[in-house]
Amino acid sequence: MKSVEDWYRHDRMPHIFCTGCGNGTVINCTLEAVMQMGWDIDNTIFISGIGCSSRSPGYITTDSLHTTHGRALAFATGVKLAKPEFDVVVFTGDGDLSAIGGNHFIHACRRNINMTVICMNNMIYGMTGGQGSPCTPAGAISTTTPYGATEPVFDLARLAEASGANYSARWTAYHVKELTKAIKVGMEIPGFSFIEAMTQCPTSYGRRNKLRTTTSMLEYMRDNAVLLNKAKRMEAEGRELSPGRFTVGEFVKRFRPALGVVKDEE
Amino acid sequence: MLQIMEGSHAVAEAVKLSRPQVVSAYPITPQTHIVERLAEIVADGELDADYICVESEFSALSSCLGASAAGSRVYSATTSQGLAFMAEVVFNVAGMRLPIVMTIANRSLGAPLSIWNDQQDSLFLRDSGWMQLYAEDAQEAMDLHFIAYKAAENHEVLLPAFVCFDGFILTHTFEPVDIPKQEEIDAYLPAFNPYQRLDAKDPISFGMYATPDYYQEFRYEINAAMTRAKKVLREAGAEFGEMFGRDYSGLVEEYRLDDADTAIVAMGSVCGTIKDAVDEMRDDGKKVGLLKLRSFRPFPYEDVRTALAGVSNVAVLEKNINIGSRMLGAVGLEVKDAVYKNGTPVYSYVGGLGGRDIRRKDVKMITEWAETGRNDCFFGLREEVL
Ligand SMILES: Cc1ncc(C[n+]2csc(CCOP(=O)(O)OP(=O)(O)O)c2C)c(N)n1
Ligand code: SF4
Ligand SMILES: [Mg+2]
């Protein structure tokens, strides 16, 4: 395999993603990491639930399992237990993972099952047209919060850490290099690896939140991402992140015993 | 006054006029426009309700159950995968005899994944103890919500209800609808008067453990209530007709059936297409008519038997499949049972699954099939699977 191109299902193009959607960037970063890992097309499986993000495996030429909304991790657990020698990657969205699939998420982390989970967090239910998700920031306009969201949000990367995942990191579709590296590190580490990729959804999120263009959304991610170490320093100084800003970096990297690890890897 | 609006918005207007106190839902295509519109209606203060966009359908109906048990009128809407995911609570709501009304924007069930229309989703919950009403157009979808609340909350019934209308075909199309005035609906549908409710001063328990000595009696009671619901629905439909000029006293509706030899039986929006096809076939001298089912649960078998008494063939057009049964569709099974004593042949013709269009020529074809005694089968199938 020479290039990521070989991993794509070209017969499936054009894809369904809107112009300017961040999902393609995240798929590219993932496939780049897969290439660097030297994984084999015949030994890799991509699994997903339902959502724009979850359509990703359909464009990749390996085996894939497109399941029900929220439940990709439960299906993936079965696949990994039956085929521990397979490299399993799950693509999911903020809604898929943390709303309807929240329960599966914390339990997959707790079991620390050996797979890499990439969540495209666009802060919205993209596919269904922009309803508020558990990651829609306070004040953001969605079709179910016409005057701004009021519920507190999940910090997915920290939730993964607290629930027992061996690896958890957050980057954005703007931070292509860092994101690719984090995905690769996640793939190297046995156990549950969670990579949250903040992505732009100009269609269902941006246009209602004064971020109509793709570039304005990417700039938003560039300008509001705060490195974890800096955030920790700020915390030590008693300073809080201003609303709308979020931390990026590696939240946890550890080597607790994991489920679904093949013997010779141990 | 007639207003042109999307089917989903007409339903949202009906919900607003019904004054639920709690609305809880999770978005799913093609139900989204209903709950998005309701979010606006509540946010704008047009409806004094608590609206919550919960984390899944399971939570949506569970929170509705709690709110209903606490004595509120509640509302939710879903379809397909969402309804399937709710299934556990669907049975619980009926078992606790909570008169919740939920809109089903009918859509097919996966796998394979499809967002398009058929009626498999609501029909698979046939035995759950929910009433199931089916609308042909936006106006009927709207009106059935008022009737559903009125019948569900009647103390002779106390059963929840699905108001089913076809996804996309009705949810996303624009039609003129007559929107009743709030005072009129208030007069037709007074505030919810719960038969029993959670009340710390007079505690009761819902959903407790029933031993084998008692469980069966609960199922008996639900079934008895569903039987009583026929009369209550007819009366609620008649009263609606008197007040608003649109009569829903029948659980079935006949179209040019009087002297028909062949009857087509169907539910939902396809009845509109069938009426056009019937007119054309009548112009060609064919004696054919339509029997539209408005209620599938309770199943109005007496009305079906009476309506079909004079026909020689019955073609049931099914947007569902009753996999593994001798009768291909779930509706045909009921119709066949209803006319069994008359000995009229009943055929189940399955089509339109997963959103495939049903055209007038399909309706004409199945009419011919019934006339020539062709057994149950699919119509419009791709040749390569045959
Ligand atoms: C049980 C169930 N409920 C609801 C839906 C409808 N649905 C499809 S995708 C989606 C939201 C997806 O949001 P997210 O996971 O954030 O993915 P995105 O589209 O934003 O990438 C919803 C609610 C469904 N398919 N199944
Ligand atoms: S709706 Fe948003 S997430 Fe979905 S394809 Fe379009 S831009 Fe991407
Ligand atoms: Mg999303």
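In this predicted model, begin by selecting helices H1(A) and H6(A): H1(A) passes H6(A) in a right-handed crossing. To display the residues that form this contact, select A:Thr25, A:Cys29, A:Thr30, A:Glu32, A:Ala33, A:Gln36 and A:Met37 on H1(A), then A:Val176, A:Leu179, A:Thr180, A:Ile183, A:Lys184 and A:Met187 on H6(A). Coloured by class, the contact of H1(A) with H6(A) shows seven nonpolar, four polar and two charged residues.

Next, view the two helices as whole elements. H1 spans residues 23-37 of chain A and H6 spans residues 176-188 of chain A; they pack at an angle of about 50°, with their axes 8 Å apart. An angle of 65 to 115 degrees would count as roughly perpendicular and one under 35 degrees as roughly parallel; H1(A) and H6(A) are therefore oblique to each other.

Now move to ligand 2. Its surroundings include A:Phe17, A:Cys18, A:Cys21, A:Asn23 and A:Cys52, together with A:Asn122, A:Gly126 and A:Met127. Select also A:Cys201, A:Pro202, A:Thr203 and A:Ser204, which belong to the surroundings of ligand 2 as well. The shell around ligand 2 comprises seven nonpolar and five polar residues, with no charged residues.

Finally, select ligand 1, which is surrounded by 24 residues. The closest of them are A:Gly51, A:Gly93, A:Gly95, A:Asp96 and A:Gly126. Show chain B too: residues from chains A and B surround ligand 1, so the site is shared between chains. Helix H3 (94-98) of chain A and helix H4 (80-95) of chain B are the elements that give two or more residues to this shell. By class, the shell around ligand 1 has ten nonpolar, eleven polar and three charged residues.

Note on methods: Residues are numbered from 1 along each chain as its sequence is written. Chains are lettered from A and ligands numbered from 1 in the order in which they are written. This is a predicted model: local features need pLDDT of at least 70, side-chain atom pairs count only at pLDDT 80 or more; totals for chains, interfaces and linings use all residues. Axes are lines fitted to C-alpha atoms, for helices over the stretch in contact, and angles run from 0 to 180 degrees between N-to-C directions. Helices (H or I, at least four residues) and strands (E, at least two) are DSSP runs, numbered from the N terminus. Angles under 35 degrees count as roughly parallel, over 145 as roughly antiparallel, 65 to 115 as roughly perpendicular and the rest as oblique. A crossing is left-handed if the near helix is turned anticlockwise from the far one by less than a right angle, and right-handed if clockwise. Two residues are in contact if their C-beta atoms, placed from the backbone, lie within 7 Å. Ala, Val, Leu, Ile, Met, Phe, Trp, Tyr, Cys and Pro count as nonpolar, Asp, Glu, Lys and Arg as charged, and the others, Gly among them, as polar. A residue is near a molecule or strand if its C-beta atom, placed from the backbone, lies within 6 Å of it.
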